[in-house]
Amino acid sequence: MLCIKVPLREAEKVKNELIKKDLLDKDHYLKKDKEFVYFPVKKRFKSEYKLVHKILKKKKTRTNLRSALTKKLRKKDLVFLRTSMDVIGNVAILEIPKELEKKEKLIAKEVLRTNKNIRTVLKKGKHEGVFRTQKLKYLAGEKTTEAVYKENNVILRLDVEKVYFSPRLSNERKRVYKQVRKGEDVLVMFSGCAPYVCVIAKNTEAKHVTGVEINPEAHNYALQNVLLNKLNNTSVFLGDVRSIIPKLNKKFDRIIMPLPRSAIHYLDVALKVSRKGTVIHFYDFQKEGETNKSVEKIKKACRDAKKKCRVLRVVKCGQAAPREFRFCIEFMIL
Ligand SMILES: C[S@@+](CC[C@H](N)C(=O)[O-])C[C@H]1O[C@@H](n2cnc3c(N)ncnc32)[C@H](O)[C@@H]1O
């Protein structure tokens, strides 16, 4: 497969250029080593970077959907097609660009036809409000918004419209649970339908995992998910972290704050239940190269709370917008 060999630090810039010039081959996975990213490209072209040959894995779903649609969509429409989708159990959530709105039902039917495990296709909305839920539009298949999803050895039941949930964060949840040590007392703030709570409780030897969530629908699913996964070292609470957490009357070894953009408004709550050695996983949205802004916010909150901290690592763990990423800033209380 023809690829362009790009130094890691320039990967994002080159990828955007390739997409803009319609040169990126979206039907194959890219390859990465310690120094370079190899992007599959559609044809030879002049570039300051080397063009090389690599063996790359083919993307099954995308190929099927794109090729199935080549006969049904005009070439100029196909350019706008986004074949990546969120699959939560039997439910697929599709991003339909404005240019393809008139073809959305047709695309959804092809998704059903080409993916035997998908029974419902919905159109993605915008995450809004305190609950971070999205209004979804029914496109094809069975009329339901409830899904049963498996990841990291747990089963999660949830309503994809009434509860925030992202399957794209399953690797991030794995990365976090791998850090949890035997005997830890873990707090998950903003716990939703309890994906972090269940994944940590199921895969680690944590002493206890506590979740706090304000959305009653999400909390109800959290209760079900704790039962479904037969977890007995967990507690989930319904309510605002600001009023619930002080009443728990305990300190934690690890605190997870998966509420990017607004987590800073609740860092004082987390700091009050931290002690020497507590590790905090603080999520934020930032532009590449601007994570120092998040670090500064954290340091200021620690100073205000008269606590000392040390940043352990900053991890990029997702994309929020074209040039905005989800970062996890992990720091320890000293
Ligand atoms: C981005 S979602 C993350 C949910 C879950 N942790 C996950 O990863 O799927 C943030 C969650 O925080 C909840 N939330 C927002 N403000 C809150 C608050 N003050 N107290 C408790 N939960 C809150 C929302 O209802 C939402 O479910």
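Asp 284 touches Pro 260, Arg 261, Ser 294, Lys 297, Phe 325, Arg 326, Phe 327 and Ile 329, leaving aside residues up to four places away in sequence (contact: heavy atoms within 4.5 Å). The structure is a predicted model, in which local features need pLDDT of at least 70 and side-chain atom pairs count only at pLDDT 80 or more, whereas totals for chains, interfaces and linings use all residues. Residues are numbered from 1 along each chain as its sequence is written, and side-chain values use heavy atoms, with hydrogens and water left out.

Asp 284 is placed in strand 17 (residues 279-287); helices (H or I, at least four residues) and strands (E, at least two) are DSSP runs numbered from the N terminus. With a relative accessible area of 2%, Asp 284 is buried (buried: under 20% relative accessible area; exposed: over 50%; partly exposed: in between; 1.4 Å probe, protein chains only). Its side chain reaches the backbone nitrogen of Arg 261 at 3.4 Å. A polar contact is a pair of N or O atoms within 3.5 Å; within protein, one must be able to donate a hydrogen and the other to accept it, and residues adjacent in sequence count only if both atoms are side-chain atoms.

Around the ligand there are 18 residues, of which Phe 190, Glu 213, Ile 214, Asp 240 and Val 241 come nearest (near: a heavy atom of the residue within 4 Å of the molecule or strand). An oxygen atom of the ligand lies 2.6 Å from a polar side-chain atom of Glu 213. A polar backbone atom of Val 241 is 3.0 Å from a nitrogen atom of the ligand, and an N or O atom in the side chain of Tyr 266 is 3.3 Å from a nitrogen atom of the ligand. On its own the ligand has 600 Å² of accessible area, 97% of which the protein covers (Shrake-Rupley method, 1.4 Å probe; for residues, only the protein chains shown count as cover).

Positive phi values were also examined. Most residues other than glycine have a negative phi. Asn 153, although not a glycine, has a positive phi of about 70°. Asn 153 is found in the loop between strand 11 (146-151) and strand 12 (154-159) and counts as exposed at 59% relative accessibility. Ala 194 likewise has a positive phi, near 80°, and is found in the loop between strand 13 (185-189) and helix 6 (195-203). In contrast to the exposed Asn 153, Ala 194 is buried, with a relative accessible area of 0%.
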